[in-house]
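Welcome! Take a moment to look over the sequence and the model below, and then we can walk through a few of its helices together.

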Amino acid sequence: MDDAIHVIGMGLSIADLTASHLALIESASVLVGGKRHLASFGKATAVRKEISSPVSGVLDFIERHMASGLVVVLASGDPLFFGIGKTLIERLGPDKVVIHPNVTSMAAAFARLKLPWQDAAWVSLHGRDNMRGLVKAMDDKNLLCVLTDPKNDPLAVKKQVVSHDYTWQMWVLENLGAPEEKISSMDEHTDTQTVFGQPNVVVLQKGELPAPSAPLRLGTPDNWFVHEKGLITKAPVRVLSLAALELGPTNILWDLGAGSGSVGIEATLFLPDGFVYAVEKNKHRIEQITANVKRFTVRNLSAVRAQLPHGLADLPRPDRVFIGGSGKDLDQVLNVVVKVLNPLGRIVINTVLMETLHLAVSVLDEKGFEVDITQAQISKSSDMPWGRRMEALNPVWIIAAQKGSSL
C-alpha cells in the first residue's frame, strides 16, 4: 500500500492530532484539505489543494498525484463520519485508502455535556432536507445529536422541538475545539434572531410528556398517552374496536398484549362498575400502562405482567376480551380465552397481518363463534409547506366474535 493515500481526521482541531498524524503530514508531497485545515500547516512544503466544489475535481487531482509521492488528505472530525473518506474509497478502492480516525463532533458534543451516548442516535440536516427524519428520530429515541448547516440551523431544529409531543432539553454547541467555542441551552425564550457560529451541532434529550390538556374521552389523542411511537392502537381504530366490544357497565375486560394500555384505559369510560385487566409481557410497557393510569386517574384497571397465554388462569373470567398483540401464540391464547369467556361474551382482535386474520377466523369459526370482520383504512392529514396531504395509516382488520349462550 505504498501508493495509498492517507486520510487523516483532524478531530476538533490540530490539538487532536497524534505524533504519527503530524509525521505523515510533514512527509507529504501533496496535502489536500479544507481552507481552514490547510492554514494550520502553513510551513509545510507539500503541493496544496483546497477541497471545494465540485468534489470531482479534487478527486481527479488526487488521482493524478498519487504517483508523485505521499498524498495526505485532511478531513474534519472522523473521515468516515459524514466525511470525505467514503467518497475516496468509492473512487479509488479500499486498498488505495488508509483512514486515520479521530474525534467526531458527535462524540465531542456528548463529552462536553457529560452525557453517556451509547444509546444516542444522530440525524444529519447538513446539506439536506431531512426534517421528517428528525421528527421520526425524536419519536423513537431519547437522546439525539443533530448535524446542522447554515440553512438547517438550531432555530430550525427548535421549531420541531416546540411542536413535538414531548418536552426536550436542547443544547447548541458552536465551534467545538476552537477558541471561540460556545455551549448554550435553548428554550422558549431564545431570541429567534440569534445567529449561531459555524460549524455547530445540536444535542436533544427527551423529557416528560406534558399532562393531558383534557380528561380521558372516547378517541383520546394518541399523543396524550405515554407510548412508544407506532406501538399504540390509533385513536380512530380504538373507537371502532371499543364499539365492536359492546361493553356493558359491569363487564370484566381482558386487554391482552396491552402495549401502552390505550384501549383498556379508554374502555374504563364504559365500565363504571366493571374492571379491566391489561396483560403485557414487556416490563417497559407495563411501566407505560402504569404511567397512563396515573395520568388519567383511572381506578378500575390493573396492569398484569405475563407472557401470554400464561398468567390468565389467575384472572376473573372475562365478559369481553380485546387482543391487540399476542404474536405467534394467538392460537394458544384463543384456546384459553374461548374456554373461560363468559356466555354471550365477545372477543375483538386487531391485526394488520393477513396470516393473523386467517388464523383468528379459523379458530373462532371452529369454536362455534359468530364472527364479523371490519377492515379500517384510515388516512390522516399531514402538513406540507403549501397545504395538507392525506397520509394513510396501516389498514387494520377488526375481528369481532360473539360467544353463544351454550358454548
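Helix 11 and helix 12 cross in a right-handed manner, where right-handed means that the near helix is turned clockwise from the far one by less than a right angle, and left-handed means anticlockwise. This is a predicted model, in which local features need pLDDT of at least 70 and side-chain atom pairs count only at pLDDT 80 or more, while totals for chains, interfaces and linings use all residues. Residues are numbered from 1 along each chain as its sequence is written, and side-chain values use heavy atoms, leaving out hydrogens and water.

Helices (H or I, at least four residues) and strands (E, at least two) are DSSP runs numbered from the N terminus. Axes are lines fitted to C-alpha atoms, for helices over the stretch in contact, with angles from 0 to 180 degrees between N-to-C directions. Here are the two pairs side by side.

| Helix pair | Axes | Angle |
|---|---|---|
| Helix 11 and helix 12 | 10 Å apart | about 30° |
| Helix 6 and helix 7 | within 11 Å | roughly 45° |

Helix 11 and helix 12 are therefore roughly parallel (an angle under 35 degrees). On the helix 11 side, the contact (heavy atoms within 4.5 Å) includes Leu 330, Asp 331 and Leu 334, and helix 12 brings residues including Thr 356, Leu 359 and Ala 360.

Now look at helix 11 by itself. Leu 330, Val 333, Leu 334, Val 337 and Val 338 are buried there, that is, under 20% relative accessible area with a 1.4 Å probe, protein chains only. These residues lie on the same side of helix 11, because they cover an arc of only 125° around the axis, taken from the directions from the helix axis to the C-beta atoms. An α-helix has 3.6 residues a turn, so residues three or four places apart point the same way. Among the elements that cover the buried residues of helix 11 are strand 11, strand 14, strand 15 and helix 12.

The other pair is oblique, as helix 6 and helix 7 show, and helix 6 passes helix 7 in a right-handed crossing. Met 131, Leu 134, Val 135 and Met 138 of helix 6 meet Ala 156, Val 157, Gln 160 and Val 161 of helix 7. Within helix 7, the buried residues include Pro 154, Leu 155 and Lys 158.

Where does His 21 sit? His 21 is in helix 1, residues 19-27. His 21 is buried, at 7% relative accessible area. Leaving aside residues up to four places away in sequence, His 21 touches Ile 8, Asp 16, His 100, Pro 101 and Asn 102.

Conventions. Buried < 20%, exposed > 50% of the residue type's maximum accessible area, 1.4 Å probe, protein only. Parallel < 35°, antiparallel > 145°, perpendicular 65-115°, else oblique.
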